[in-house]
Amino acid sequence: MFESILNHSSGSLNMADALICMMVSIFLGIVVSFVHTIDNKYSKKFILALIVLPLLVQVVIVMVNGNLGTSVAILGAFSLIRFRSMPGNSRELISVFFAMAIGLATGIGHILFAVTFTVIGSVVIILVTKLKFGENRNVKNLKILVPEDLEYENMFDDIFEKYTKKVFLMKAKTVNMGSLYELEYEIELKADIKSKSFLDDLRIKNGNLKVSLSTPLIDYNEL
């Protein structure tokens with residue numbers, strides 16, 4: 001079913017077939033770049049790279065006459081240069097290898113296969129993104145200041161039991177020349193909890209010192 005339109009064994013390349021592969025590579029690169037923009041941070045330069053990458057990979061495959069071993073080694077070196085020079089998140093990693101896989105498929109002439117797995121892969125990514133699968137929206141970072149003379153170990157247990165599902169003390173340190181403790185927790189709030197009520201109860205316990213609640217910054221930098 002998935003047959004190649006290119007004949008690498010003959011050593012010659014039909015111009016019409018090569019142009020078809022190039023056009024398909026560019027089109028599928030545009031599809032990958034569009035999928036990458038859905039609910040994600042991105043730059044115009046990275047989008048351009050995703051569009052052109054399948055075409056470049058295809059050219060490498062054609063130039064090595066369909067030898068997958070050689071071509072994969074060359075493309076691996078290219079990808080290492082990219083990831084060594086610039087940090088990226090998991091979505092960028094997926095998109096880059098998605099585009100490279102398209103170029104591999106079109107480079108050996110498997111146009112129908114490239115289109116099929118691009119459609120399937122794009123649908124999966126869009127569904128998982130839109131359905132928020134794997135997200136934990138109620139996970140927060142909580143920082144509390146308490147006076148040094150208070151026993152903080154079980155100080156907020158009753159409040160945590162009322163408002164949270166899970167609590168983990170990540171860090172405790174002294175601040176303000178040792179007169180205060182700064183406690184940093186990772187918490188998972190219960191559904192329909194109002195942050196103001198939660199913070200107000202904490203401030204009553206800690207003598208109205210500083211309390212902060214924030215969302216962990218993990219979606220862009222974490223792989």
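Because the model is predicted, local features need pLDDT of at least 70 and side-chain atom pairs count only at pLDDT 80 or more, while totals for chains, interfaces and linings use all residues. Residues are numbered from 1 along each chain as its sequence is written, and side-chain values use heavy atoms, with hydrogens and water left out. Helices (H or I, at least four residues) and strands (E, at least two) are DSSP runs, numbered from the N terminus.

**Helices α1 and α2**

- Helix α1 (residues 15-37) packs against helix α2 (residues 44-63) at an angle of about 150°, and their axes are 8 Å apart; axes are lines fitted to C-alpha atoms, for helices over the stretch in contact, and angles run from 0 to 180 degrees between N-to-C directions.
- The two helices α1 and α2 are therefore roughly antiparallel to each other, a term for angles over 145 degrees, whereas those under 35 count as roughly parallel, 65 to 115 as roughly perpendicular and the rest as oblique.
- Residues of α1, including Ala18, Met22 and Ile30, meet residues of α2, including Phe46, Leu50 and Pro54, where contact means heavy atoms within 4.5 Å.
- The residues of this contact of α1 with α2 divide into eleven nonpolar, six polar and no charged; Ala, Val, Leu, Ile, Met, Phe, Trp, Tyr, Cys and Pro count as nonpolar, Asp, Glu, Lys and Arg as charged, and the others, Gly among them, as polar.

**Helices α4 and α5**

- The axes of helix α4 (residues 90-107) and helix α5 (residues 111-130) come within 8 Å and cross at roughly 165°, which makes α4 roughly antiparallel to α5.
- In α4, Arg91, Phe98 and Ile102 are among the residues that meet α5, whose contacting residues include Phe113, Phe117 and Ile125.
- The residues of the contact of α4 with α5 divide into ten nonpolar, five polar and one charged.

**Strands β2 and β3**

- Strand β2 (residues 164-175) pairs with strand β3 (residues 180-189) in the antiparallel sense over ten bridges; two strands pair if DSSP finds at least two bridges between them.
- Thr164 stands opposite Leu189 in β3, and in the hairpin of β2 and β3, which has four residues between the strands, Asn176 takes a positive phi near 55°.

**Glu182**

- Glu182 lies in strand β3 and is buried, with a relative accessible area of 18%; buried means under 20%, exposed over 50% and partly exposed in between (1.4 Å probe, protein chains only).
- Leaving aside neighbours within four places in sequence, Glu182 is in contact with Ile144, Leu145, Lys171, Ala172, Lys173 and Val175.
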